[in-house]
Structures are given as structure tokens and as C-alpha cells.
Amino acid sequence: MSLRDALVITFKYRTRALSVLAGCMVLAIAACIFMTPMYAATSSVLIKLGRELVYRPDVGASSNVSTPPVIDKDEVLASNIAIMTSRDIMERVITTVGIEQLYPDLVDPPEWELAIHHVLQTVRDSVGLTSKPEALIERALRKFSKRLTIEPVKKTNVIEVTFEHPDPQLAARVANLVVEYFKQKTLAVYSDSNLGFMDRQVAEDRASMLDAEGKLAAYRQENGIYQLNDQIDLLLRQRVEIDTGLKGVVSRVQELQGMVTSLKAQRKAVPANIPLYSENERYKVLDDTESQLLTLRLREKELASKFNDSYPVLVDVRDQIRIAEGFLKNAKAEAVAKTRVGTNEVAKELELETLRRETELTSLIARRDVTQEQITRIDEKIYDLSGRERAMLPLQRAVDARADTLKQSLAKADEARTLDGLNREKSESFSVFQVAVPPDPSKPARPAPLLYIPVAFVLGLIGAAFTAFMSYFLLDGFLTPDQAAARLGVPVLGIIGVKPREPVLALENHGARSRA
């Protein structure tokens, strides 16, 4: 369809199109004139992520067991909006203000509404439909929810509470009451009323801890354990000190054993008696004889190398050697018989030193044995204390567990007391930074002529175009010669105008009267 066809259709059905447009405009103007003015009062509430949204694990829960949930701002805003629009708050507001003031038409409906209701009831009865009469509060709640608008402001934590009513003062009062009752409802919903339970839990945990401490104290008293770690440390230090001394004693024992062995060996090599002096003067003769004997033996060796054994000189030398040896032997025997002997002081000193070292060695060996026994006893005590420590560990763990539980219970009880105090002081997690004020009576929220009339004009244009084109599509014929030529496939030879039926009939009647 071309633009020319659209203009032709519009011009052809201009009367219908203008009628639709005019009807929309008249309806908009009538709405602006006859509609009851509605005034909107708005209260702005800033939602804070307060204590109600803080993650608090249960008593005894470890901090690494579960991860605190992530608080989503949109979820918080949606939750608060749901609380604001709850039936309890709306019903309480309606009850506080009064249905007769808020919606007097529900208490005393107009006659036309009663007539319509009577007609509808008659129709229902005629067709056999039964309906229970709706309670007054239910009808008030339905109208209230339509006039109450609660929306969050985008990209903020602000919620706007808007209420519309013909009375500007009443609209502001209702909006502020919704916020006030929302505050009370929030405190009731998020309040932590487990203070008494936490106090009882603290008492039970304290009794459990005292019982566990009593069992641990009884075990320590029975087994002589006071400060177990200090006792074990003291024994370990004693063992280290004694072990250090024992190593020194063992080293000294080994040293003394070597010294005694060496002294005994030296004692065996040293004679007990030694010659003191000689009573004759024959040592010089003995020395001379030994010197001559040596000379003779050297002479014998020299001759034996040159001559045989029968050589007279060699035989003579050998005889002299025998004579000298015999004389030397007899002389020595006589000299010994006449020599006085005495105690060897070196041997005596060696014996005394050996005795001293053996005495010291015996003492050190006894000390070593005693020290080893001390170390053995200390090891036994350490082992015994370690065994008692292992037996005491369950009792100690029970005390620690009860102490941790009591600590957590005390923290939760303190937190519950704080929350209870805040609840008593009516501390809320939101702020009303803009209370609802009565709007200007000269500027109602509805009707809005500057909105209704342009919208009615646009809708009228759309309705007019729709009416014109629907009239064209429902027409049994053609509007333009081109449409007829295109449809029939023959060229247009001429256009004959057709007058409306009423003027043609009038012309025929006039001709008949003229002929008469």
C-alpha cells in the first residue's frame, strides 16, 4: 500500500477517525474534570546493613566449619519491602486510622454502588451462583494495597513508601504509620529472644567445666602431679647434669685404669732391691780383667781368620782367654758376696702411686655405678610421668573443651544482652531521612492533565488510524481507479462520479413535481 492509498483511506473515513480521536480526548478531559483528586505522600527510608544481618554461628560451632553467607543488597531490600507490605502492617494501619476515615465509601456506600451490587446479586441468584459477602476489612485491605506503593530507588539502599488518598493530611499520616509499624515489626522479627536460654547454657557449661576440673585435680592429687611439665623439665635437667658428670667419671675411670696398668708394668720392670755399696776394692781388677779378656778375644778372632786351630799362637791365646774368664767369674762371685743391697725407692714410689690410683679408681667406679643408678631412676620417673601424662590427657582435653564452650557461651550471652538492650532502646537498622509531609492541595498526583491529555491524543490517533483502516478492509469495492485496474487487469478509460443516494432522490422528486 502506497502513501497515496493511505491518504485516500484517511480522507475517505475522516469522519470516523476524527470521531474516535475526539472521543479519546473527551474521555481524558472528563477524567481530569470529574475524577476524584488523589494526593501522594512519600516517606524515604535508608536501609542499613545492621546487626540483624550479621552472621552469628551457633554455640560451639567452629569458625572454619562454615563460611558466613554473602549479604546481597537486593535481597535485603526485597525482604524489607515484603515486611512493609505484609498484611499485619497494613491491617494495623487501617485499624489505627479507622476504616470510616480512610474509606468512608466502604462504610456508607453511595446509592449507585448499592444499586449495582443489588443487580449483581440478583444476577448471581438467578443463575444459581452463591457468594459469601466479603468482610469489610478485606475490602479495605484490597483498596489499601492498590494505593500503597513501596519501591526501592535504583542503585541505592533507599526505599520510598508512597500512599495515595483524596485527603493530603491522611495520605501523609498513613505513609508515616507504615514506616513506624515497619520499624516495630522489624524489631519483633529480628529481635533475639534467647537471652534466658543463653544464661541457662552458661550455667550448665560452667558446671560442666567445674566438674571436669574437679576430676583433673583429683587425678593429680592421687598421682602426685602438680605442674607436670615443670616436673618433667626438672627431671630432664637433672638427667642432663648427672649424665654430663657421669661422662666425666667414665672418662676418668678409663684414664685411671690405663695409669694403673702402666704403673704395674713399670713396677714389674723395676727390681725391689738394689746394691747399695761394696766392701772390697776389686772392681778395678775386674775391670782390667774384662778389658784384657776383650783384647784377647779380638786377637783370637784376628788369628782365627788367618790361621787354623792348631796354630800355636792361636792355641795360646785361647788358653789365656779361658784363664781370664775363670778368674773373672771367681772374682765376680766374691764381689757379690761382699756387696750390701737395700729397698729400691723407685719401686716403692711406683707401688704407692699404684695404690693411690687404684683407690681413686675404686671410688670413681662406685661413683659411676651410683650415678648410673640415679640416671636409671630418673628415666623411670620420666617414663612414669609420661604415662601419667598420657592418662591425664583426656581429662585435660575435657577441661579445655569445657573452657572453650564456656567462653563461647559467655560471648553469645554478652551478645544476646547487647541485642536485648538495643531492642529495648528501639535501635533500628534503618533511618527515615524524609518523613511524609502533606502534599500541596493544588497539585494532586492524579488526575494529571499534562499526562492524560497527551496520552489520550496519542491513543486517539492510533484508534483513528485503526478505525479508518478497518473500515477500508471491510469495504466491498475499490476506493481508487488504480486498485480496480490492478485487480481486474484492464486499463481505466474514464471516471464517472456518483452522487450520494439522498441528493439523487431529491432531484428525481423535484423533476416529477415540475412535470406535474
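I began at glutamate 353, which is buried, with a relative accessible area of 18%. Buried here means under 20% relative accessible area, exposed means over 50%, and partly exposed lies in between (1.4 Å probe, protein chains only). I note that the model is predicted: local features need pLDDT of at least 70, side-chain atom pairs count only at pLDDT 80 or more, and totals for chains, interfaces and linings use all residues. Residues are numbered from 1 along each chain as its sequence is written, and side-chain values use heavy atoms, with hydrogens and water left out.

**Salt bridges around Glu353**

I looked up the partners of glutamate 353. Arginine 356 forms a salt bridge with it, the closest N and O atoms being 2.2 Å apart. A salt bridge is a side-chain nitrogen of Lys or Arg within 4 Å of a carboxyl oxygen of Asp or Glu. Arginine 356 is partly exposed, at 44% relative accessible area. Both residues of this pair sit in helix H14, three residues apart, about one turn of the helix. Helices (H or I, at least four residues) and strands (E, at least two) are DSSP runs, numbered from the N terminus.

Glutamate 353 also meets arginine 357 in a salt bridge, at 2.6 Å from N to O. Glutamate 353 and arginine 357 are both buried. Shared partners join Arg252, Glu255, Glu349, Glu353, Arg356, Arg357 and Glu360 into one network of salt bridges.

I then checked arginine 252, which forms a salt bridge with glutamate 360, with 3.1 Å between the closest N and O atoms. This pair links distant parts of the chain, 108 residues apart: arginine 252 is in helix H11 (residues 228–269) and glutamate 360 in helix H14 (residues 345–424). Arginine 252 is partly exposed at 26%, and glutamate 360 is partly exposed at 27%. I list 19 salt bridges for the structure.

**Helix H8**

The buried residues of H8 are Ala140, Leu141 and Phe144. Seen down the axis, they fall within an arc of 100°, so they line one face of the helix. The arc is that of the directions from the helix axis to the C-beta atoms.

**Lys155**

I found lysine 155 in the loop between strand S2 (148–152) and strand S3 (158–165). Its phi is positive, about 60°, although lysine 155 is not a glycine. Lysine 155 counts as exposed, at 83% relative accessibility.
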